[in-house]
Amino acid sequence: IDMDGNILDDSYRLSDRVVAVLATLHTQGKKIIIATGRIFMAAQHYLIEKIEPDRYVCTNCADIFEPKGVQIAAYHIPPQAVPVLIELGRAHEVVAHEVLMCCYISDQWFYEKPLPAVEFYQKRTGIQGLQRNIESFEGEDILKFLAIGPHEEILAIRDELGRKAPTMLEIIANSD
């Protein structure tokens with residue numbers, strides 16, 4: 001089950017009705033597996049003390065967890081792709097000042113520029129972001145790298161990443 005637009009409402013809340021349905025399914029022996037682009041901490045934040053899923057498939061399938069946060073698989077950004085992401089972030093920063101470049105390292109997300117999208121993303125994830133220079137990401141275990149901005153700019157970034165790192169990254173472009 002995905003979270004955003006499925007079990008969470010437009011205000012990023014888990015309703016009592018959804019909790020009751022998930023609990024009923026669980027008692028009927030159904031496995032509850034959360035599949036989300038969120039990191040584990042951001043997914044668990046909404047479910048803790050309400051329902052314990054059997055598995056969490058988080059960070060767009062980059063991390064898989066058993067209940068209680070025991071990680072059973074991790075497929076993070078390869079270190080050789082990080083310089084490409086930084087270079088691309090710098091190139092698009094000049095072209096489109098409204099693109100927020102950020103990433104997840106462990107259970108925290110970092111951004112460089114305090115753009116309006118920071119507030120939106122903090123509300124959506126429930127996680128307070130930290131400001132940090134993107135060059136400092138090199139050598140880190142990056143779970144997920146994000147570009148948030150106008151759709152046309154995101155598509156341009158996606159296409160350029162596809163050319164520069166075609167076998168190193170799984171590239172996803174959403175419009176929400």
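Is Asp 9 buried, partly exposed or exposed? In this predicted model, local features need pLDDT of at least 70 and side-chain atom pairs count only at pLDDT 80 or more, whereas totals for chains, interfaces and linings use all residues. Residues are numbered from 1 along each chain as its sequence is written, and side-chain values use heavy atoms, with hydrogens and water left out.

Asp 9 is partly exposed, with a relative accessible area of 31%, where buried denotes under 20%, exposed over 50% and partly exposed the range in between (1.4 Å probe, protein chains only). Asp 9 forms a salt bridge with Arg 13, the closest N and O atoms being 3.4 Å apart; a salt bridge is defined as a side-chain nitrogen of Lys or Arg within 4 Å of a carboxyl oxygen of Asp or Glu. Arg 13 is exposed, its relative accessible area being 51%.

The structure holds eight salt bridges, and another of these joins Asp 4 to Arg 38, with the closest N and O atoms 2.7 Å apart. Because Asp 4 lies in the segment before α1 (16–27) and Arg 38 in the loop between β1 (33–35) and α2 (40–47), the pair ties together parts that are 34 residues apart in sequence; helices (H or I, at least four residues) and strands (E, at least two) are DSSP runs, numbered from the N terminus. Asp 4 counts as buried at 18% relative accessibility, and Arg 38 likewise counts as buried, at 4%. Asp 4, Arg 38 and Arg 124 are linked in a network of salt bridges.
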